[in-house]
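Have the sequence and the 3D view open while reading.

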Amino acid sequence: MHFLASLAFSVTFFLLVESRNLSTGEKQWDHIIFTQQWPESACEHVNASGQHSCEIPSSTNAWAVHGIWPSMGDTKGPNYCNESWSFDPSKIQGILSELKAEWPNLYTDTELYSFWEHEWVKHGTCAASLDSLRGEMKYFSTGLSLHKKYDVMGTLAKRGISPSRSKTYDLTDVVGVLQDEFGYSVCIGCVYNQDIGQMLYQMYICLDKSLSMIDCQHCSQSCRQEEKLVYHPIENNIVY
C-alpha cells in the first residue's frame, strides 16, 4: 500500500511539473555549453567569407567569450525562450569595459551592443530559468567569471601549445591537453580557409545547472582529424 501511495505521489508530481511547463511555455534544457572563440581565427574566417568587417580591439589579447548556451541532450538549444524579454544595454553598463575586452563584438560593421543583444535574446532568455543567470547582469557577469576560471590560452601554453605563424598542432594534442588540465572532456570547433588551412576556432566546455564542469557528451564534427590546426597570434587593431 505504501508503494502504491508513493507511486501515485510521484506520478502526480510529474504531471504537475509538466503541466506547469506547458502552461508557462518554459523550454527545457539540461546543461550549458560555455563557448570561447579565438578572435584571430574568427576575423580571418569572416574576412575570407566577406560576411563582416572584423577588428580585434587592443584590450583583447586572449580567447574571448562567445556565449553561455543552454542545451538539451545532444542538441544546441532551446533558443529564444522569451521574445518579450528584450535586451536593455543599461543593465550591463557596470561591466561594459570588461565585456569589450573579454566578450568583444569583433564586427565593426555592426552596432556595439548587437552581439550581446543577440546572445541575450537567443541564449540568455533560456538561461534565465536559473536564478544564477536570471537577467542581463547575472548572465554576462557569469560569462566573465567563467572566462577567468577556464583560461584556454594559459592552459594550452603551459603544455607548449601557443599561437604561432610557423607552427601547427595536432587536433588530438589540443583536445588531450584541455581534457587533462580541466579534468573533463571538452569539444573544439574549427573553421577552414583555403589559403590558411584548418584554424582552431572555438572551445566548448559543458556545465551542469550548478555551473560545475561535466563531460561534454556530444561534439559537432567541424574539425578534420587528419589535418593540422593553425593557431595564429592575435593581430590587434587591424580591420579585416
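The link between C206 and C216 has a torsion of 115° about the S-S bond, which makes the bridge right-handed. The two sulfur atoms of C206 and C216 are placed 2.1 Å from each other. These positions come from a predicted model, and the values given here are computed from it. C206 belongs to strand β6, which covers residues 197–207, while C216 sits in the loop between β7 and β8. The two cysteines are ten residues apart, and the pair links distant parts of the chain. Are C206 and C216 buried or exposed? Both of them are buried.

The loop between β7 (213–214) and β8 (229–230) also holds C219, which is bonded to a cysteine in a strand, C187 of β5 (residues 187–193). Because C187 and C219 are 32 residues apart in sequence, their bond ties together parts separated by that stretch. The S to S distance for C187 and C219 is 1.8 Å. What is the handedness of this disulfide? The torsion about the S-S bond of C187 and C219 is about -75°, so the disulfide is left-handed.

Another disulfide joins C81 to C126, with an S to S distance of 2.0 Å. About its S-S bond the angle is 95°, and the link of C81 and C126 is right-handed. Which parts of the chain does this pair tie together? C81 lies in the loop between β3 (75–76) and α3 (96–102), and C126 lies in helix α4 (residues 114–127), so the bond connects a loop with a helix across 45 residues of sequence. C81 has a relative accessible area of 22% and is therefore partly exposed. C126, by contrast, has 2% relative accessibility and so counts as buried.

A disulfide is a covalent bond between the sulfur atoms of two cysteines. With the bonded cysteines counted along the chain, the pairing pattern is 1-2, 3-4, 5-9, 6-10, 7-8.

Definitions and conventions:
Residues are numbered from 1 along each chain as its sequence is written. This is a predicted model: local features need pLDDT of at least 70, side-chain atom pairs count only at pLDDT 80 or more; totals for chains, interfaces and linings use all residues. Side-chain values use heavy atoms; hydrogens and water are left out. A disulfide is a pair of cysteine sulfur atoms within 2.5 Å. Helices (H or I, at least four residues) and strands (E, at least two) are DSSP runs, numbered from the N terminus. Buried means under 20% relative accessible area, exposed over 50%, partly exposed in between (1.4 Å probe, protein chains only).
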